Amino acid sequence: MEFSKLKQRAKTYLDDIIAMRRHLHRKPELSYQEHKTTSFIVEELEELGINVDRPLQTGCVGVLEGGIEADKVVALRADIDALPITEEGKHKEPFISENSGVAHCCGHDAHTANMLGTARLLSEIRDQIEGTVLFIFQPGEEKLPGGGRLLCETGYLQKKGVDVIYGLHSYPDLEPGQIALRKGALMARPDEFRVELIGKGGHAASPHEAIDPIVMASQFVNQIQTIVSRNVNPTEPAVVTVGKIDGGSAHNVIPAKVDMLGTVRTFGKEIADMIRDRIEATAKGVAEATGGAYTFDFDYGYPAVINTEWAAENVKDAATELLGNGNVKLLEEPIMAGEDFAFYQQEFPGAFFFLGSGREETGSTYSWHHPQYNIDEDCFITGAALMASLVFKPLS
Ligand code: NI
């Protein structure tokens, strides 16, 4: 298979892929509620003569049997859900979200349209495909427990005998025609915590008769910022962030409690567990020292995205052939954002990579989850062709 032919073919579909992306962009749906999105995908797949399975309530899997009989199953994954964000941005005016307060500000509309482009490319050359290709349109990437986890728990992919899985994410830091990846650790495990510091409410002028949870919270937030600097090996990436503090009602009232939400980013469960224990110990220590109390909850999020060496090598090889050496960037460091693609990698070999989608002229250099997040639609030529070419790479 000459990959340059796939790219030429993808170019001729570009307008159709853009039309699909804009349709999905106009009609975003939140995690696990992607009913209309799923109907749209199913219709497109069926039009291509691809069978569709529905192992979950939303999302679906297209099953393309290749013309060459073989015991080989390659899975390609796209995520389909949108975010609870009010969209902004003049570049997106022609296709801005029609669903108020919901928007595709993480590019999952683009991932879905791109995958439909890949499905079309491969369906036209199915005679040349060995074994089976699965097109996974996954719901709920943005929300725990993660659609990837739910799909793995159904046993569907295991039953299909998946040999390898590939996935991509739009990436504003590179231009269309470029990709970035990394062997081994690519993205962090995002865990979440909630701490409630409970004091005793009272008049702001009589602090001696109250237990002030705002002072407790100040101590707590400062203290947990020493966990990474004092308890984690300096060569190991880790982040502790308090993202929300909620407490108090007026300038002259000491509130009864302060509620906090935060996230922990690491690359291993052992470190995540250590940080979890330190956060709880800090909450307990502050509560004991002040005569207050605390509650603590910790939710394990997604595991870290760790790319299988040979699968990442396949992406690198295919991309180098398609795009040229200078357009394949090997990241020196992993990034601290999370991705539920990690669940598939717990079960199967796999690689995840970043598809360049940013260009100033098209307002597509905003970061993920920014209300103006946009993608440069030229990225579909590379994205559709690269995903298709991975089907022809070896399984080792
Ligand atoms: Ni995303």
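**Entry 1: strand S5**

I began with S5 in this predicted model, and found that 8 of the 8 residues of S5 are buried, so the strand is largely enclosed by the rest of the structure. I then asked which residues of S5 cover each of its faces. On one side I listed Val164, Tyr166, Leu168 and Ser170, and on the other Ile165, Gly167, His169 and Tyr171, and I noted that both sides are buried.

Next I looked up the partners of S5. Strand S16, residues 350-356, pairs with S5 in the parallel sense over 7 bridges, and within that pairing leucine 168 stands opposite phenylalanine 353 of S16. Strand S3, residues 68-79, also runs parallel to S5, and the two are joined by 4 bridges; here valine 74 has valine 164 of S5 as its bridge partner.

Is threonine 37 buried or exposed? I recorded a relative accessible area of 3% for threonine 37, so this residue counts as buried, the cut-off being under 20%. Not counting residues up to four places away in sequence, threonine 37 touches Leu24, Lys27, Glu29 and Ile80.

**Entry 2: the nonpolar cores**

I went on to the largest nonpolar core, which has 66 residues, and asked which of them touch the most other members. These are Leu76, Leu122, Phe135, Phe137, Tyr166 and Ile179; Tyr166 is one of the buried residues I had listed for S5. Another core lies apart from this one, with 28 residues, among them Met187, Tyr302, Phe341 and Ala342.

I also looked up the surroundings of phenylalanine 137. Leaving aside neighbours within four places in sequence, phenylalanine 137 is in contact with Ile41, Leu45, Gly59, Cys60, Ala78, Ile80, Thr112, Met115 and Leu116. Ile80 in that list is also one of the residues touched by threonine 37.

I turned to S8, residues 189-198, which is mostly covered, with 7 of its 10 residues buried. S8 pairs with S12 (residues 257-266) in the antiparallel sense over 10 bridges, and in that pairing glutamate 192 stands opposite threonine 263. S8 also runs antiparallel to S13 (residues 293-299), to which 7 bridges join it. For the pairing with S13, I noted that isoleucine 198 has alanine 293 as its bridge partner, and that phenylalanine 193 stands opposite phenylalanine 298.

These strands belong to an open sheet of 4 strands, in the order S10-S12-S8-S13, with antiparallel pairing. The edges are S10 (239-246) and S13, each pairing on one side only, and the twist averages 20 degrees from one strand to the next.

**Entry 3: helices H6 and H7**

Last, I looked at what lies on this sheet. Helix H7 lies across S8, S10, S12 and S13, and runs at about 165 degrees to S13. I then asked at what angle the axes of H6 (residues 213-231) and H7 (residues 269-290) cross. They cross at roughly 145 degrees and come within 10 Å, and the crossing is right-handed. From H6 the contact is made by Met216, Gln219, Phe220, Gln223, Ile224, Ile227 and Asn231, and from H7 by residues including Met274, Ile275, Arg278 and Ile279. The residues of this contact divide into 10 nonpolar, 5 polar and 1 charged.

Definitions and conventions: Residues numbered from 1 in each chain as written. Predicted model: local features only at pLDDT ≥ 70, side-chain atom pairs only at ≥ 80, totals over all residues. Heavy atoms only, no water. Core = buried A, V, L, I, M, F, W, Y, C linked by side-chain atoms within 4.5 Å. Buried < 20%, exposed > 50% of the residue type's maximum accessible area, 1.4 Å probe, protein only. Contact = heavy atoms within 4.5 Å. Pairing = 2+ DSSP bridges. Axes fitted to C-alpha atoms, helices over the stretch in contact; angles between N-to-C directions. Left-handed = near helix turned anticlockwise from the far one by under 90°. Nonpolar A, V, L, I, M, F, W, Y, C, P; charged D, E, K, R; others polar.
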